[in-house]
Amino acid sequence: LQKHVFMYGELTDKKTIEKVRQTFDNYESNCFEVLLYKKNRTPVWFYMQIAPIRNEHEKVVLFLCTFKDITLFKQPIEDDSTKGWTKFARLTRALTNSRSVLQQLTPMNKTEVVHKHSRLAEVLQLGSDILPQYKQEAPKTPPHIILHYCAFKTTWDWVILILTFYTAIMVPYNVSFKTKQNNIAWLVLDSVVDVIFLVDIVLNFHTTFVGPGGEVISDPKLIRMNYLKTWFVIDLLSCLPYDIINAFENVDEGISSLFSSLKVVRLLRLGRVARKLDHYLEYGAAVLVLLVCVFGLVAHWLACIWYSIGDYEVIDEVTNTIQIDSWLYQLALSIGTPYRYNTSAGIWEGGPSKDSLYVSSLYFTMTSLTTIGFGNIAPTTDVEKMFSVAMMMVGCKYLDFFSF
């Protein structure tokens with residue numbers, strides 16, 4: 001590693017020295033033509049570029065200074081072969097012999113130099129692989145390839161994030177409560193979500209990614225191979241139209257349950273969300289909001305499981321009798337909507353509505369996660385008690401982490 005020391009001297013322009021000092025003091029980026037001296041007092045003209053490097057807190061931690069020797073442009077050398085030449089002729093020869101230097105000194109457009117992220121853009125950027133600020137040139141990509149940190153991809157990632165949370169809420173509810181999407185409005189909404197997830201697959205086949213060495217990979221073949229090896233299968237299973245299939249009345253109950261269970265695969269998309277939200281941990285308010293959202297999401301999932309346990313145990317399908325020790329049966333009695341047996345159809349009817357059952361389940365899981373649970377909902381069977389114990393343990397761990 002060679003070290004070069006340059007100093008300014010008596011012929012260095014004092015105004016240029018002051019401009020360089022002001023550039024450092026104001027944390028700015030600028031470029032100058034300045035005359036400096038080597039240690040042997042040899043004068044050298046340099047094209048000097050100064051670029052501040054900022055950390056994640058938008059503070060300048062150091063400066064990147066580059067020096068290009070432009071002495072041939074400023075002071076043509078007169079040797080034996082050029083004696084008698086005019087100064088213009090010597091300058092022309094120097095420029096011809098230093099074409100490579102001239103190409104290096106071609107100034108870049110201002111639109112290509114600065115890729116400075118504002119504070120808001122940094123917060124809204126979902127991708128954890130943000131382009132470093134000292135990389136001043138955007139990588140050249142084919143026309144059909146999208147940069148993973150561009151404004152369009154950032155907005156699209158936010159849309160996918162919101163829809164992922166939507167599926168994380170609706171999928172467990174539909175699976176547990178065995179709801180067929182007969183409501184046209186919800187069916188259309190879910191169909192739009194499926195289409196957006198399908199479009200996301202197409203975009204992921206045309207979006208750059210960061211390689212193991214920190215470089216931006218824009219080769220279409222490498223992009224396709226990387227996506228096929230990582231999230232393609234999960235994303236494909238996530239965009240299948242399960243709700244449209246379940247909406248048909250003539251669908252067999254077993255097939256409908258199978259398709260409803262397959263929708264749980266969509267929850268695996270939350271792994272991508274967790275990977276993208278890791279850089280939010282430096283913001284206190286963001287951490288608080290995320291913890292509250294995660295707590296509500298976990299309580300929602302546990303409420304769906306809690307109802308599924310009660311729905312499975314309330315009626316014995318072998319003997320076709322009601323289990324009076326189930327929490328669903330006890331809740332039906334307490335709110336005045338008991339189960340009754342239809343002798344003509346040979347089935348059990350009545351009981352609380354699904355909305356009331358969900359609210360009661362969510363109420364029980366919330367009280368069990370935060371306290372010891374109380375009210376007219378309590379575990380009675382062995383399975384319900386075991387699940388309640390596990391739920392209280394989850395609540396203790398979460399509250400310990402939250403208080404820490």
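**Strands and a helix pair**

Mentor: Let me start with one residue pair in this predicted model: M48 has F67, which lies in β3, as its bridge partner.

Trainee: OK, and how many bridges join β2 to β3?
Mentor: Nine bridges join strand β2, residues 43-54, to strand β3, residues 60-69, and the two strands run antiparallel.

Trainee: What sits between β2 and β3?
Mentor: Five residues lie between these two strands, which form a hairpin, and in the turn E58 has a positive phi of about 65°.

Trainee: And which residue in β2 does E33 stand opposite?
Mentor: That would be Y47. Strand β1, residues 30-37, is joined to β2 by eight bridges, and β1 and β2 run antiparallel. β1 and β2 also form a hairpin, with five residues between them, and R41 in the turn has a positive phi of about 70°.

Trainee: Switching to helices, at what angle do α7 and α8 cross?
Mentor: The axes of α7, residues 151-177, and α8, residues 184-204, cross at roughly 135° and come within 11 Å. Because of that angle, α7 counts as oblique to α8.

Trainee: Is the crossing left-handed or right-handed?
Mentor: α7 passes α8 in a left-handed crossing.

Trainee: Which residues meet there?
Mentor: On the α7 side they include F152, W156, I160 and L163, while those in α8 include W186, L189, V193 and F197. Sorted by class, the contact of α7 with α8 has 12 nonpolar, three polar and three charged residues.

Definitions and conventions:
Residues numbered from 1 in each chain as written. Predicted model: local features only at pLDDT ≥ 70, side-chain atom pairs only at ≥ 80, totals over all residues. Heavy atoms only, no water. Pairing = 2+ DSSP bridges. Helix = DSSP H or I, 4+ residues; strand = E, 2+ residues; numbered from the N terminus. Axes fitted to C-alpha atoms, helices over the stretch in contact; angles between N-to-C directions. Parallel < 35°, antiparallel > 145°, perpendicular 65-115°, else oblique. Left-handed = near helix turned anticlockwise from the far one by under 90°. Contact = heavy atoms within 4.5 Å. Nonpolar A, V, L, I, M, F, W, Y, C, P; charged D, E, K, R; others polar.
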